[in-house]
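Reader: Hi! Could you walk me through this protein while I have it open on my screen?
Author: Happy to, let's take a look together.

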Amino acid sequence: MMIETRQLQYFATVAEERHFGRAAERLNLAQPYLSQQIRKLERQLDTALLNRTTRSVSLTEAGKHLLDEARRVLADLEALGTEVRLIGDGLQGPLRLGFTGSTTYGIMPQVVRRTASAAPALRLTVSGEMITPRLITRLLDHTIDIALLRSNSRIPGLTYASLGFESCVLAVPSDSPLADHETVPAAEVGAHALVGYPENSVMAAATQRHLSAHSAQPEYTVRASETSTLMSLVAAGLGAAVIPRTATALGLPGVLFRELSDAPRTELALAWRKDEDTAAIARMSDIIAEVVADVIDDPASAEEASA
């Protein structure tokens, strides 16, 4: 014996109204048809659910119990329908995000804030301060779902969406001679000690190309994969650092930012697994793209981002 959802809805409405006429009007049904459906339900259950008089109805003990359960079931079904719609629209469910280095400070907090407003049922897990090779590894081993990274090549198995190009600036110790410049030429950068990102990082490659193009051969005192660590080393006076502009959101005492002549740029892109083009990833891609477009100096157009 199977009770149908519509039967529960019909019964609950009659039970709440205590009147077949008012219940039929509320349900937009003919009263004889509604009475027939309630009788059918009682026959299926082999018990009386309502005490009927010429003017009103009241609930039997069995009817009271069924009303409580009907309300619970109907509420659960409505909640389930809402959840399914939200998931289908990319507005609900778990999602694991990864952010490269400096975007942890200049972009990630805004992404989380906008998501909380636009899609509060998305349950985010956020990992930051990772260089691009590490983000790619975590995408491929399924420990994150989507990453904002600095792209210099396309890896098979991943889908990419370019978000534009971000220029670099120079972080210098406040007592460094480089602090006297408003804009620092590459040759001047190469004449001073530097701290930098790991050699396998996109930022290290971009910095090397920039300095080599101006015949500058810098000496690195130390390298660090985390932007926060790199900035702390600059503050400690161990050297200047070529950093993405978004890293300026992480201001530390003892660190000043200066423009670079012919500043190098890196491409910011989103990446996710090709077999997981879910609605949640599509929604998150839109949110991150909006934030990045507001922050970087050369955002991609809609056509470029979708290419």
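Predicted model: local features only at pLDDT ≥ 70, side-chain atom pairs only at ≥ 80, totals over all residues.

Reader: Great. Which residues touch the most other members in the largest nonpolar core?
Author: Those are Leu170, Val189, Leu230 and Ile243, in a core of 29 residues. Elements that give two or more residues to this core include helix H8 (186-190), helix H10 (227-235) and strand S10 (241-244). Strand S6 gives the most, with five residues.

Reader: And what is Val189 in contact with, leaving aside its neighbours within four places in sequence?
Author: Beyond those neighbours, Val189 is in contact with Leu170, Val184, Leu194, Leu211 and Leu260. Apart from this core lies another one, of 23 residues, with Leu148, Leu268, Leu270 and Ile287 among them.

Reader: Switching to Thr103, is that one buried or exposed?
Author: Thr103 is buried, because its relative accessibility is 0% and the cut-off for buried is under 20%. Thr103 sits in helix H5 (residues 103-106). Leaving aside neighbours within four places in sequence, its contacts are Met108, Leu148, Arg150, Thr246 and Leu268.

Reader: Arg150 is charged, so who is its salt-bridge partner?
Author: Arg150 pairs with Glu166, and the closest N and O atoms are 2.9 Å apart. Glu166 is in strand S6 and Arg150 in strand S5, so this bridge ties together parts 16 residues apart in sequence. Glu166 is buried at 1% relative accessible area, and Arg150 is buried too, at 3%.

Reader: Nice. How many salt bridges are there by this rule?
Author: The count comes to 17. One of them joins Arg273 and Asp145, with the closest N and O atoms 3.1 Å apart. Arg273 is in strand S12 (residues 265-273), while Asp145 is in the loop between helix H7 (132-140) and strand S5 (146-151), 128 residues away. Both residues are buried.

Reader: What about Arg154 and Glu267, how far apart are their closest N and O atoms?
Author: In that salt bridge the distance is 3.5 Å. The pair ties together parts 113 residues apart in sequence, since Arg154 lies in the loop between S5 and S6 and Glu267 in strand S12. Arg154 is partly exposed at 43% relative accessibility, whereas Glu267 is buried at 14%.

Reader: Which residues are linked in a network of salt bridges?
Author: Glu16, Glu17, Arg22, Arg26 and Arg71 are linked that way.

Reader: Last one: what does UniProt list for residues 3-60?
Author: An unreviewed UniProt entry lists "domain: HTH lysR-type" there. In the model, that span is 62% helix and 10% strand, and its end C-alpha atoms lie 18 Å apart.

How values were computed
Residues numbered from 1 in each chain as written. Heavy atoms only, no water. Core = buried A, V, L, I, M, F, W, Y, C linked by side-chain atoms within 4.5 Å. Buried < 20%, exposed > 50% of the residue type's maximum accessible area, 1.4 Å probe, protein only. Helix = DSSP H or I, 4+ residues; strand = E, 2+ residues; numbered from the N terminus. Contact = heavy atoms within 4.5 Å. UniProt positions renumbered as here; feature names shortened; annotations may be inferred. Salt bridge = Lys/Arg side-chain N within 4 Å of Asp/Glu carboxyl O.
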